[in-house]
Amino acid sequence: MSLDIFDVSGQKVLLTGAGRGIGKGIALAFAQAGADVAVTGLTPTGVNQVAEEVRALGRVCLPLTGDATTAADTDAIVAQTIAEFGHVDTLVNCVGDAIRKPVAQLPGSDVPGMTEAEWHHIVDINLTEAFQGCRAVAPHLLERGQGNVINISGWASFRGRPMSAAYDAAKAGLMRFTEVVAQEWAPHGIRCNAIAPGSFPDPEQMSEEAFAARDAGAIDTVPLGRVGRLIEVGYLAVYLASPAAAYVTGQTWAIDGGVSIKHP
């Protein structure tokens, strides 16, 4: 067996939400594997830094800005990527955020319930963004009759938790959305999968001491005894985008050190 089956060199990847964190890890993994990457964010600061790191690996990187939850910005992002790259092989929808609030204020608690605006914001940024990305790139991929979509979900896809209604509902919805797109597009040669990361703190967003403490503390909650490294989500994304995954579609892949299978 040749390992060429895992090769994604020369692919053109559009990755939303890649200015930091897991999105950045995915961008760097694709670059290490030989792909060219368009990365998006709400502001240019993060994506410009990611672009520098991708280019340092010898690959082309297109930094773009826009709101991935809106049709107008997503259409513009897709159009700019196709204009620069000629085509898109893989779309990775990686925008996400969370808020810790109950559905309604609970007796004995001073934490207010979630507002309507907060609910819509969290659902949009974790679920609607994937719809917008798929909707915008669909005509291009369907016309080519080939391609991949990878939605970045979370282990909340598998289990709901108190104080996390909007986020957990959106991630569960993303799993079903992935299954629907996979079925609709499979006859046209396009695969759609999701990745559900567990705890992946960004070491660039905290001190070395804080990251080390977070990593050490995972021994009590994560079966594998540590937090994830951002690049590890990228490695799974590269596999799902490669010919090695040609018979894989509609799946949500947990990468969480075993958290999603752990019983209380």
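**Exercise 1.** Which residues in the largest nonpolar core touch the most other members?

*Solution.* Two housekeeping points come before the answer. This is a predicted model, where local features need pLDDT of at least 70 and side-chain atom pairs count only at pLDDT 80 or more, while totals for chains, interfaces and linings use all residues. Residues are numbered from 1 along each chain as its sequence is written, and side-chain values use heavy atoms, with hydrogens and water left out.

Step 1: A nonpolar core is a set of buried Ala, Val, Leu, Ile, Met, Phe, Trp, Tyr and Cys residues joined through side-chain atoms within 4.5 Å. Buried is under 20% relative accessible area, exposed is over 50%, and partly exposed is in between (1.4 Å probe, protein chains only).

Step 2: The core holds 35 residues, and I26, F30, V92 and I195 touch the most other members.

Step 3: see who contributes. Two or more residues each come from β1, α1 (21-32), β2 (36-41), α2 (44-56), β5 (147-152) and α7 (230-241). Those labels are DSSP runs numbered from the N terminus: helices are H or I with at least four residues, strands are E with at least two.

Step 4: A second, separate core has 23 residues, including L14, I77, V78 and V181.

**Exercise 2.** Is L15 buried or exposed, and what does L15 touch?

*Solution.* Step 1: locate L15, which sits in strand β1 (residues 12-16). Step 2: check its relative accessible area, which is 0%, so L15 is buried.

Step 1: list the contacts (heavy atoms within 4.5 Å). Skipping residues up to four places away in sequence, L15 touches G23, I26, A27, V37, A38, V39, T40, V92 and C94.

Step 2: zoom in on V92. The C-alpha atoms of L15 and V92 are separated by 4.7 Å, though the two are 77 residues apart along the chain. V92's own contacts, again leaving out neighbours within four places, are V13, L14, L15, T16, I26, F30, I150 and I152.

**Exercise 3.** How many aromatic pairs does a search of the whole structure find?

*Solution.* Step 1: set the cut-offs. Rings of Phe, Tyr and Trp (its six-membered ring) pair if their centres lie within 6.5 Å; planes under 30 degrees apart are stacked, over 60 edge-to-face, and the rest tilted.

Step 1: count. The search turns up two pairs.

Step 2: take F6 and Y239, a tilted pair at 6.3 Å centre to centre with 40 degrees between the planes. This one links distant parts of the chain, 233 residues apart: F6 is in the segment before β1, Y239 in helix α7. F6 is partly exposed at 37% relative accessibility, and Y239 is partly exposed too, at 23%.

Step 3: take Y239 and W253, an edge-to-face pair at 5.8 Å with 70 degrees between the planes. Y239 lies in helix α7 and W253 in strand β7, so this pair ties together parts 14 residues apart in sequence. W253 has a relative accessible area of 28%, so W253 counts as partly exposed.

Step 4: join them up. F6, Y239 and W253 form one aromatic cluster.
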